[in-house]
There are 2 protein chains.
Amino acid sequence: MAQSSKRRFKTCTIQPRKATARKTKQHAVGAVNKQSSNAILADLKYRLSEIYDLNAAGSVLTWDEATYMPTGGAVARARQSALLRRVAHERFIDPVLGSLIDRLEQCANRLSADDASLIRVVGRDYEKAIKVPPDYVARANAHGSASYNAWIRARPANDFAAMIPFLEKTLDLSREYASFFEPYEHIADPMIDEADEGLTTASIQHLFAELRHELVPMVRAICDQPPADDTCLHRSFAEAAQLGFGLLVATHMGYDLERGRLDKTHHPFCTKFGPGDVRITTRVRENDLGDALFSTLHEAGHAIYEQGVNAAFEGTPLGSGVSAGVHESQSRLWENIVARSRPFWKHYYPVLQRTFADQFRSVTLDIFYRAINKVGRSLIRTDADEVTYNLHIMLRFDLELKLLEGRLRVKDLPEAWRAGMQAVLGVTPLDDRDGCLQDVHWYVGSIGGGFQSYTIGNILSAQFFAAAIKTHPEISSEIAGGRFDTLHGWLTDNIYRHGRTLTPQEIVDRAAGGPMTIAPYLAYLRKKYGELYRLPSRH
Amino acid sequence: MAQSSKRRFKTCTIQPRKATARKTKQHAVGAVNKQSSNAILADLKYRLSEIYDLNAAGSVLTWDEATYMPTGGAVARARQSALLRRVAHERFIDPVLGSLIDRLEQCANRLSADDASLIRVVGRDYEKAIKVPPDYVARANAHGSASYNAWIRARPANDFAAMIPFLEKTLDLSREYASFFEPYEHIADPMIDEADEGLTTASIQHLFAELRHELVPMVRAICDQPPADDTCLHRSFAEAAQLGFGLLVATHMGYDLERGRLDKTHHPFCTKFGPGDVRITTRVRENDLGDALFSTLHEAGHAIYEQGVNAAFEGTPLGSGVSAGVHESQSRLWENIVARSRPFWKHYYPVLQRTFADQFRSVTLDIFYRAINKVGRSLIRTDADEVTYNLHIMLRFDLELKLLEGRLRVKDLPEAWRAGMQAVLGVTPLDDRDGCLQDVHWYVGSIGGGFQSYTIGNILSAQFFAAAIKTHPEISSEIAGGRFDTLHGWLTDNIYRHGRTLTPQEIVDRAAGGPMTIAPYLAYLRKKYGELYRLPSRH
């Protein structure tokens with residue numbers, strides 16, 4: 001998962017300015033000349049830099065909690081993380097900061113383009129942040145830590161009952177968060193807007209309905225055929241070699257290890273403490289080669305994005321990826337469109353065969369390629385193939401909405417999950433471990449706004465890749481040679497380096513040549529899986 | 001090294017109250033009744049807890065910097081660490097906090113013994129802290145990080161020249177720190193007082209002269225004899241097995257891994273983020289069994305102390321070890337008096353032989369025991385034996401004083417080091433790597449007050465151990481059986497659990513039955529090394 005999917009309670013970023021609270025509270029504003037605008041800008045950037053650093057310190061604590069912290073450290077850590085987030089939030093909502101923004105808005109025409117973007121973005125963020133009391137930030141963070149630590153124990157124990165009180169409180173906190181942004185059209189809108197500026201519950205429901213309409217018959221057609229044989233992925237693979245291979249590929253793709261590192265966690269994630277320190281985590285299963293490999297490359301995709309943001313934006317809200325959906329487009333692009341493609345493995349399969357000689361001696365590239373692209377009705381989202389993956393997301397999105405709307409009680413979630421899986425994917429988990437306990441998202445303190453970004457990411461990944469290929473048709477043959485420079489360069493120029501200077505919509509418009517649309521994604525799936533399986537003709 | 005040796009710039013703790021600045025600035029103080037004293041106490045503890053947590057977060061950042069941070073993270077990390085320390089310091093010197101302390105001092109007779117201690121300790125700390133500007137704290141911390149990162153590269157490159165500008169700034173910062181506490185008798189006094197409350201440059205010089213008078217002839221007598229054979233320690237030992245053996249012993253001694261962990265760093269240290277998270281680090285050399293093992297046990301000694309502090313003191317200045325010297329007494333007690341003793345190895349040598357069967361098959365316990373207690377004129381302090389170790393410390397202490405007094409220039413340090421080593425130990429390093437670049441202390445941002453604690457620790461370790469044995473003579477036979485409960489229990493009761501509720505002098509008086517004295521330490525050395533070597537008769 002990208003750091004951005006946890007961003008709501010962690011940083012003070014993103015979002016359009018709807019309220020005018022600041023305007024009514026602001027200090028008297030006089031004319032701002034060039035000299036004083038420079039001084040005001042310097043003051044603002046200094047304050048933003050300290051807020052950035054407090055949040056970055058909080059992220060270090062979160063990373064440590066997930067990687068190396070001994071169990072005895074949990075109580076103090078929850079308190080310490082919450083404190084840092086609260087102090088950062090308190091500093092961000094300082095009226096003096098609002099006044100600096102106001103004064104700079106008045107002379108925006110005299111600012112550089114980047115500084116004008118900064119004022120626009122920080123102004124939006126500020127308007128949102130002042131609606132959220134510092135006490136709430138501390139409570140939500142402390143609860144998120146406590147809930148996460150409970151989930152780490154509850155999931156392996158298949159103990160959903162233990163999570164009910166945590167999840168009920170999470171739901172309350174999510175509703176409380178939404179209430180700060182009333183009036184809204186739908187209670188999930190504030191959370192969605194936080195993750196994916198410009199989107200709403202209604203627009204996502206429309207998008208998902210359109211996509212579901214195409215995917216369901218595709219899944220049915222594929223699953224009616226004999227399943228691909230993926231036993232070659234389920235032999236025994238030494239952990240160190242798995243981690244080493246994944247990291248090797250990630251560095252070839254462009255992940256810079258002088259500014260990053262890989263560790264193991266329960267749930268893979270990417271986190272950033274500054275442009276020089278963007279870390280990823282993965283998990284390893286000895287008998288499942290795909291788990292660590294594709295998790296590593298997924299998180300590396302997030303990290304490559306963050307490492308590519310213009311370093312000059314460090315310490316300001318401009319210095320990160322633009323939205324959760326655009327972030328997921330990069331993790332999914334590198335994980336799937338690149339690293340599950342036939343050209344990619346033309347180069348890397350011989351490397352993998354040398355790494356795991358015994359396991360792959362008698363496995364052909366074609367068998368391996370089919371194995372890593374096996375489509376099936378499976379239980380675990382993170383293990384799901386590209387075709388069924390979005391159905392997993394849609395289930396979660398629907399359940400989130402029902403929980404938030406009050407149409408589903410927390411205690412009834414396991415049953416609703418089972419019914420939903422049966423309806424959408426035709427399989428039912430035997431226990432909650434493989435059911436509603438499987439994803440960390442609801443157990444780190446937020447319900448709503450955390451899942452839709454993955455499907456948006458899938459859709460955008462195909463749009464961006466198609467646009468890159470259109471400009472640079474040589475990318476495919478480069479990938480087949482284990483080279484990613486042209487692709488990485490195009491993504492950096494069109495997406496990464498901009499940070500948040502453009503809106504998500506502007507990024508998509510400029511990079512993909514038009515607004516978000518599912519056509520390129522469906523074309524990608526039809527072409528790739530049409531070669532692997534018989535598909536129904538388009539209707 | 002103990003966290004306490006870096007405490008000066010890292011936390012807001014320790015020290016007697018000399019000034020009356022607060023009294024003159026304080027708010028008007030009225031009568032404080034029982035009910036309001038409880039409320040004031042709660043307010044004070046809440047504020048102290050947040051300050052504690054900010055410093056703990058800073059320590060997490062420091063730990064990460066030393067263990068896992070990629071090189072690209074250094075610049076942002078220095079800024080982020082400095083910010084946390086500065087914010088903690090700013091909160092601690094808040095006049096409101098001073099006013100709360102004043103009001104509670106007036107009703108100290110109505111407080112519990114622990115709360116009365118808290119008010120006494122926090123009052124002392126406050127009086128010292130308000131002399132130090134927040135800006136200084138940030139500057140000193142940022143410089144410490146930058147200097148540490150430069151040292152990591154400069155030491156292996158034997159590049160003292162690269163460290164000169166850092167060290168000159170460090171010297172300036174150390175002098176500036178001392179200046180906040182003028183008037184003083186000696187410029188090193190404020191730093192020494194910070195580390196070892198109650199001691200002064202003069203008192204340590206007197207102590208060291210007394211000890212040197214005894215040690216020099218002892219070293220000469222031993223080194224005139226044929227050296228012990230320690231080749232058995234310099235075979236090849238797999239890193240994982242070295243770490244595993246050290247950690248096994250540490251846990252037997254009482255280090256609780258549910259509240260701690262071991263990692264590798266350039267320079268071993270112990271750090272605490274709360275009573276539930278006290279971590280140690282070590283370094284490993286494949287061809288030197290003693291390095292990782294005794295470093296691990298040294299740091300475990302610090303950690304066992306910190307884990308033993310009454311957990312009720314968490315979040316207040318009472319919740320840590322009482323002084324650097326008393327802290328070192330525990331690292332040196334576990335490392336040397338216990339883990340370099342013959343009874344200890346009677347139990348553990350067979351375990352070690354099973355761990356490294358090839359290396360120790362033909363090595364007897366006696367040969368091994370002599371190897372780990374080999375006395376020699378060596379270059380590296382951390383590798384030095386118990387007899388020569390203090391001469392290394394005295395050299396550093398003398399050089400620190402000369403630097404601070406302005407009698408030695410930074411650029412002349414390598415030559416002064418070589419001359420000092422020749423005079424004190426009769427050996428001269430061939431390069432600065434094994435000379436004045438070897439210890440991290442001067443390169444993390446402070447000169448003065450960082451070394452004397454080791455020798456004080458050696459002296460006290462013998463006093464404490466003798467007192468424990470006097471009460472519980474069975475301790476020796478328990479150690480010979482791999483059991484440490486009685487010793488650990490005595491140390492917990494007499495030292496650990498008290499945290500900072502007593503002064504260092506009170507701890508020594510109560511636990512050792514009298515003030516610090518070198519007699520038990522000399523008796524220990526004479527007995528142990530008299531059995532291993534011929535020693536001159538006492539004069």
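A residue counts as buried under 20% relative accessible area, as exposed over 50% and as partly exposed in between (1.4 Å probe, protein chains only). The model shown is predicted, with local features requiring pLDDT of at least 70 and side-chain atom pairs pLDDT 80 or more, while totals for chains, interfaces and linings use all residues. Residues are numbered from 1 along each chain as written, chains are lettered from A and ligands numbered from 1 in written order, and side-chain values rest on heavy atoms, without hydrogens and water.

**View 1. Strand β3 of chain A is mostly covered.** The strand spans residues 277-282, and six of its six residues are buried. (Strands, E of at least two residues, and helices, H or I of at least four, are DSSP runs numbered from the N terminus.) Asp277(A), Arg279(A) and Thr281(A) point to one side of β3(A). Val278(A), Ile280(A) and Thr282(A) point the other way, and the residues of both groups are buried.

**View 2. Three strands of chain A form an open sheet in the order β1-β3-β2.** The pairing in this sheet is mixed; strands pair if DSSP finds at least two bridges between them. The edge strands of chain A are β1 and β2, each of which pairs on one side only. Neighbouring strands are turned against each other by 25° on average, direction ignored. Helix α12(A), residues 289-308, packs on the sheet and touches β1, β2 and β3 of chain A. The direction of α12(A) makes about 165° with that of β3(A). (Axes are lines fitted to C-alpha atoms, for helices over the stretch in contact, with angles from 0 to 180 degrees between N-to-C directions.)

**View 3. Strand β3(A) is bridged to β1(A) and to β2(A).** Strand β1(A), residues 262-264, runs parallel to β3(A) and is joined to it by three bridges. Within this pair, Asp263(A) stands opposite Thr281(A). Strand β2(A), residues 270-274, runs antiparallel to β3(A), and four bridges join the two. Here Thr271(A) faces Arg279(A), and Cys270(A) has Ile280(A) as its bridge partner. β2(A) and β3(A) form a hairpin, with two residues between them.

**View 4. Helices α10 and α23 of chain A come within 11 Å of each other, axis to axis.** Helix α10(A) covers residues 201-223 and helix α23(A) residues 519-532, and their axes cross at roughly 10°. The two helices are therefore roughly parallel, the term for angles under 35 degrees. From α10(A), Leu211(A), Glu214(A), Leu215(A), Met218(A) and Ile222(A) meet residues of α23(A); contact means heavy atoms within 4.5 Å. Their counterparts in α23(A) are Tyr521(A), Leu522(A), Leu525(A), Arg526(A) and Tyr529(A). By class, this contact has eight nonpolar, no polar and two charged residues.

**View 5. Chain B also has an open sheet of three strands, ordered β1-β3-β2.** Its pairing is mixed, and its edge strands, β1 (262-264) and β2 (270-274) of chain B, each pair on one side only. The twist from one strand to the next averages 25°. Three bridges join β1(B) to β3(B), residues 277-282, and these strands run parallel. In β3(B), Thr282(B) is the bridge partner of Lys264(B). Helix α12(B), residues 289-308, lies across β1, β2 and β3 of chain B and runs at about 165° to β3(B).

Conventions
Parallel < 35°, antiparallel > 145°, perpendicular 65-115°, else oblique. Nonpolar A, V, L, I, M, F, W, Y, C, P; charged D, E, K, R; others polar.
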